[in-house]
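Thanks for coming. I have one structure to go through today, so please look at it on the screen while I talk.

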Amino acid sequence: MRQSLVVGNWKMNGSAASIQSLLEGIKQGIATVNKTAVGVCPPYVYLSQVSTSLAGTPVACGVQNVSEQDSGAYTGEIAVSMLKDFGCRYVIVGHSERRNIYGETDEVVAKKFTKTQAGGLIPILCVGELLEEREAGNTENVVQRQLDAVLNSSGVAALSNAVIAYEPVWAIGTGKTASPQQAQDVHAFIRQHIAKQDAAIAAKVQILYGGSMKGSNAAELIAMADVDGGLIGGAALNAEEFLTICRAGD
Ligand code: PGA
């Protein structure tokens, strides 16, 4: 049985004050979450605040992006080694906003994935299709291409220490959630694709759903056989809503 995982992706939201009250709310309610593993990914500038506040709690800290380089003259970038100073556990890699707004290619995403693991952190690899790709019947091709970029460069064994997030781009921030069956179909496809190379790793890897998951729909999504939790954007900015989703993973 795979443990559920729910990770909040706070994106470029919040202030020191609003993040402090979000953290207090999560910490106050986290005891109501029984089995689900929980993490939050704040904007970088609040990482110190968040990791200090969450120290000693079951809530893990992560980030939304990382450099594919080790160190040096890369203005504006953050290295994996720096994240270790803050006790980070997760790095979101290849989020569709990184791919589509900032032009990250499959190749760059694969490098970030490799760097994250080499530095001892757990990548959360995001895959997912655009609306026009779904409408053209290309969902599986797109997701397979995005997965293969990582499988070909890191090897299937790397997935024994990684998380995958299926995030249909048309569902992100739109309030248009994939139906439980739509999510399950792609999650099953991802697991079967990995199983062609290693059935044991495929059976173990956590595959999260992301895209307008909220308190009111989390339970029916996570109830699907291959949906192991969620990567949560908007609904993660409210402590009660986020905790409701976490409890849905129990
Ligand atoms: P959303 O974002 O929950 O606001 O749709 C999810 C994500 O982008 O990870």
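Where is the place of glutamine 64? Glutamine 64 is in the loop between β3 (59–63) and α3 (80–84). Helices here are DSSP runs of H or I of at least four residues, strands are runs of E of at least two, and both are numbered from the N terminus.

Before going on, two remarks on the source. This is a predicted model, in which local features need pLDDT of at least 70 and side-chain atom pairs count only at pLDDT 80 or more, while totals for chains, interfaces and linings use all residues. Residues are numbered from 1 along each chain as its sequence is written, and side-chain values use heavy atoms, with hydrogens and water left out.

Back to glutamine 64. Its side chain reaches the backbone oxygen of lysine 11 at 3.0 Å and the backbone oxygen of proline 42 at 3.3 Å. A polar contact is a pair of N or O atoms within 3.5 Å; within protein, one must be able to donate a hydrogen and the other to accept it, and residues adjacent in sequence count only if both atoms are side-chain atoms.

Lysine 11 itself sits in the loop between β1 (5–9) and α1 (16–29). Its phi is near 50°, a positive value in a residue other than glycine. Most residues other than glycine have a negative phi. Serine 212 also has a positive phi, about 55°, although it is not a glycine. Serine 212 is found in the loop between β7 (206–210) and α10 (218–222).

Now the ligand. How many residues surround it? There are 13, and the closest are Lys11, His95, Glu167, Gly173 and Ser212; a residue counts if one of its heavy atoms lies within 4 Å. The shell divides into 4 nonpolar, 7 polar and 2 charged residues. Nonpolar covers Ala, Val, Leu, Ile, Met, Phe, Trp, Tyr, Cys and Pro, charged covers Asp, Glu, Lys and Arg, and the others, Gly among them, are polar.

For glycine 233, a backbone N or O atom is 2.8 Å from a ligand oxygen, and for glycine 234 the distance is 2.8 Å. Taken alone the ligand exposes 280 Å², and the protein buries 95% of that; the areas come from the Shrake-Rupley method with a 1.4 Å probe, and for residues only the protein chains shown count as cover.
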